[in-house]
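Please look over the model below before reading my notes.

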Amino acid sequence: VNAILVILVLRLAPPPKRSMSVRHSAIFSKAEPIKCSGPTCSTPTINCSLLLLLLLSLIQLSGPVAAILSGALPVDWDQFGVGVAFLIGGEVVRRPIFCLLRVLYLRRAVGLSDAEITDIVGTRLSLPQDWLPNLLADPRTKTRIKVCDVLFRKGGHVFTLTSTIIFNAFVVDDLGALVLSVSLGSVLLVMVQASAISLFRGAAHRGHWWWLSWLFGAADRIRDGRLGQQNAMMGSTSMMWGIVASFGIALLGLPPQEDAEKLWALATQLVLLPLTYGDAMGEIIGTPFGRHRFKVKGLGEINEKSLEGCAAVFLGSLIPGLIVLGTGAADPCAIPAAWGLAAAIAVLTTITETIAFRSTDNFVIPACNAVLVVIWWHVGLAVDEGNDAYDVLDSFDSGNHSLAVKSPAFGNTPTYGLVE
């Protein structure tokens, strides 16, 4: 879908009209019609930021590992192997394709030179402070770079999270295998990305970044400026933090997955769908069409959002949840008042996406949604218990003196409970 969108943009967009006949690299070309000044990032600062990102990624992995070692999170190791192969295979294919399409877009639709594109796909940390303002000085160039960021940053975001949902539904249904595979994959990716930035920095390695940029899969947003790659790494790390944290919260607050499969299926989709589509729609609508903008805090050189983007986040979070409930993709009876929960999650996602520090919303959104799902389920369970919502089925197991009962507490799945 992303490739088709890029091709349509390239076909429909008129050739770029540049105010200058020649554009050159910000710092590496001898001919330099645009003067760049200002300090560049120091090596100690760069190394400290990379070390911090790597540390956060390792801490994120320690949670699932500790749960597995303690026996709280059992793992089907055959499914774990399949999961690792599936994730690596998907990303190895996606990332080069997205990078090549972005280069094609920047060359054809934006009209940038190879030297300028090299500045974008490289580390950017060696670029001067005013590199980004100079690049965006032309209004037409600025508009088309906004479109570029939407297509490739959020295109990869939607691809990764959608594949995770499909992965959980059809490839790996073991919770331990899912959490460990995505967590380990995130750590390995951040390690390789940090090593590439640390080892291949500076003018001598510029040419290497035409293929080293494949590690980032065009997720390094251009309008984040010199911090684009760090923002992409932080986004990837916080996404895995969010997935791991949300499953941890569910483990602590919901019945075991094997006892409540319908409940877990619905909860997983209600927690992750707003992160997949609501967060993406905020940038897809807000970046090119947002008019009522306001400043926010974040990791990047341009940190702002818009009211139009916030409305898109709400709708992008609400509509997928309603589709899941309305089409029977998940059982709405698994959680009391599930339709109201879908609306509440859309409101919560809009608030958390707006106030979260940019690049950390991938963690804040699913973690907060998971907390809401657990609280909502417990409140609904208490109300149902007060209304005698348990249905005793005509099934008695004389071996363990238990009756089969059906309740929203277990996704309305017949479950044996001890007779009192």
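**Notes on the model**

1. S359 sits in the loop that joins helix 12 (338-355) to helix 13 (361-386). Helices here are DSSP runs of H or I with at least four residues, numbered from the N terminus. S359 is not a glycine, yet its phi is positive, about 90°. Its relative accessibility is 6%, so S359 counts as buried; buried means under 20% relative accessible area, with a 1.4 Å probe and protein chains only.

2. On the source: this is a predicted model, in which local features need pLDDT of at least 70, side-chain atom pairs count only at pLDDT 80 or more, and totals for chains, interfaces and linings use all residues. Residues are numbered from 1 along each chain as its sequence is written, and side-chain values use heavy atoms, with hydrogens and water left out.

3. R124 also has a positive phi without being a glycine, at about 65°. The loop between helix 4 (114-121) and helix 5 (131-135) holds R124. R124 counts as buried because its relative accessibility is 3%.

4. Where is I222? I222 is in the loop between helix 8 (209-212) and helix 9 (228-253). With 0% relative accessibility, I222 counts as buried. The C-alpha atoms of I222 and I145 are 7.3 Å apart, although 77 residues separate them along the chain.

5. Next, a helix pair. The axes of helix 3 (residues 77-110) and helix 6 (residues 139-171) come within 11 Å and cross at roughly 165°. Helix 3 is therefore roughly antiparallel to helix 6 (angles over 145 degrees, on a scale from 0 to 180 between N-to-C directions). In the contact of helix 3 with helix 6 there are 17 nonpolar, eight polar and four charged residues. Asp, Glu, Lys and Arg count as charged; Ala, Val, Leu, Ile, Met, Phe, Trp, Tyr, Cys and Pro as nonpolar; the others, Gly among them, as polar.

6. A pocket is an open set of points on a 1 Å grid where a 1.4 Å probe fits, with protein on both sides within 12 Å along at least five of seven lines; lining residues have an atom within 4 Å of a point. The lining of this pocket has 23 residues, and N168, D173, Q257, E261 and W264 are the closest to its centre. Helix 6, helix 7 (175-199) and helix 10 (261-289) each give two or more residues to the lining. Helix 10 gives the most, with five. The lining divides into 14 nonpolar, five polar and four charged residues.

Terms used
Angles under 35 degrees count as roughly parallel, over 145 as roughly antiparallel, 65 to 115 as roughly perpendicular and the rest as oblique. Buried means under 20% relative accessible area, exposed over 50%, partly exposed in between (1.4 Å probe, protein chains only).
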